[in-house]
Amino acid sequence: MTASALEQLKTMTDIVADTGDIEAIKRYQPLDATTNPSLLYKAAQMPQYSDLFQQAIAYAKSKSADVDEQIDIAMDKLAVLIGCEIVNIVPGKVSTEVDARLSFSTSATVKKARQLIALYDEQGIGKDRILIKIASTWEGIKAAGILEQEGIHCNLTLLFSLTQAIACADAGVFLISPFVGRILDWYKKDTGKTSYEPQEDPGVLSVGDIYQYYKQHNISTIVMGASFRNSGEILALAGCDRLTISPDLLSELKESSETITRQLSPDNFSKSFEKIQLSEAEFRFQLNDNAMATEKLAEGIRNFIKDQNKLELLIHEQLVAQ
């Protein structure tokens with residue numbers, strides 16, 4: 001019997017589930033799982049998570065009498081409780097995201113990450129099973145560098161450029177999540193071109209460049225392609241260290257019997273990249289000079305904050321109702 005495209009892909013790339021849906025994680029048996037405010041907001045509305053939601057509310061009330069503090073505590077506790085459920089399923093790590101509103105404060109990001117790790121510790125989950133997910137701003141990358149020195153591993157998200165990837169490598173970040181589909185979205189809108197072949201997809205090309213830069217310079221940071229719009233993008237990155245994939249696309253790959261060919265390899269490069277060291281000024285200039293990366297980073301932070309606010313509203317309604 002021919003192995004599915006998903007099973008073939010697993011032989012060359014570690015698969016991560018991009019979801020907070022525990023049933024989907026059980027179904028596709030990924031190595032790791034990632035969550036974010038948007039996924040947590042969806043999960044909080046699912047009946048199967050109602051007990052965890054109420055646990056988070058009760059925990060927050062036991063820690064503070066101030067409603068604003070209760071909301072903040074409940075948000076973190078819910079993220080950790082869902083993370084703990086996932087930890088019991090996947091053999092690897094779970095990514096839990098820092099509040100996107102802290103994306104431009106190194107000190108606040110470090111503080112929040114330590115709080116999340118402490119909450120996991122209360123649940124008996126060690127920091128070796130957790131990745132703290134942080135937006136790839138200069139401040140976020142600097143925070144990740146501090147956390148990595150403390151043994152708290154990080155996943156740098158909303159990453160749209162080689163510039164961001166180089167800064168993450170310099171900071172000693174454990175893992176980066178360069179986005180694919182959102183880059184494609186930007187180029188479609190900017191150029192008016194409605195479709196791209198996978199090998200010409202600008203998001204695919206961006207991740208390929210980052211992968212090659214890292215491998216050529218023996219950088220240990222894991223490259224995990226993220227934000228896919230179609231399975232063609234995924235298969236064009238077969239061989240990447242890791243790929244984080246939504247349940248819908250995991251299902252499509254599982255049902256497919258297409259033969260998969262490895263596209264990325266640490267021993268086969270199509271380009272040669274010079275090693276670069278970036279100062280803060282150089283980072284900010286290069287990012288500013290990249291309209292796509294600048295716009296998508298800002299948009300991603302705004303969208304995560306929107307869903308964070310929606311989740312906070314749900315929590316506030318529960319707090320005042322009890």
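1. The largest nonpolar core holds 105 residues, and I132, I176, Y214 and I245 have the most contacts inside it. A nonpolar core is a set of buried Ala, Val, Leu, Ile, Met, Phe, Trp, Tyr and Cys residues joined through side-chain atoms within 4.5 Å; buried means under 20% relative accessible area, exposed over 50%, and partly exposed in between (1.4 Å probe, protein chains only). Helix α5 supplies the largest share of this core, 11 residues. Another core, of 5 residues, lies apart from it and includes V16, L131, L175 and I222.

2. The model is predicted: local features need pLDDT of at least 70 and side-chain atom pairs count only at pLDDT 80 or more, while totals for chains, interfaces and linings use all residues. Residues are numbered from 1 along each chain as its sequence is written, and side-chain values use heavy atoms, with hydrogens and water left out.

3. Helix α5 covers residues 67-87; helices (H or I, at least four residues) are DSSP runs, numbered from the N terminus. Because 15 of its 21 residues are buried, α5 is largely enclosed by the rest of the structure.

4. I245 touches L9, I15, V16, A17, D18, F228, I234, L250 and L253, leaving aside residues up to four places away in sequence. Contact here means heavy atoms within 4.5 Å.

5. S206 belongs to helix α10 (residues 202-216). Its relative accessibility is 16%, so S206 counts as buried. With residues up to four places away in sequence not counted, S206 touches F160 and I183.

Conventions: Helix = DSSP H or I, 4+ residues; strand = E, 2+ residues; numbered from the N terminus. Expected span 1.5 Å × (residues − 1).
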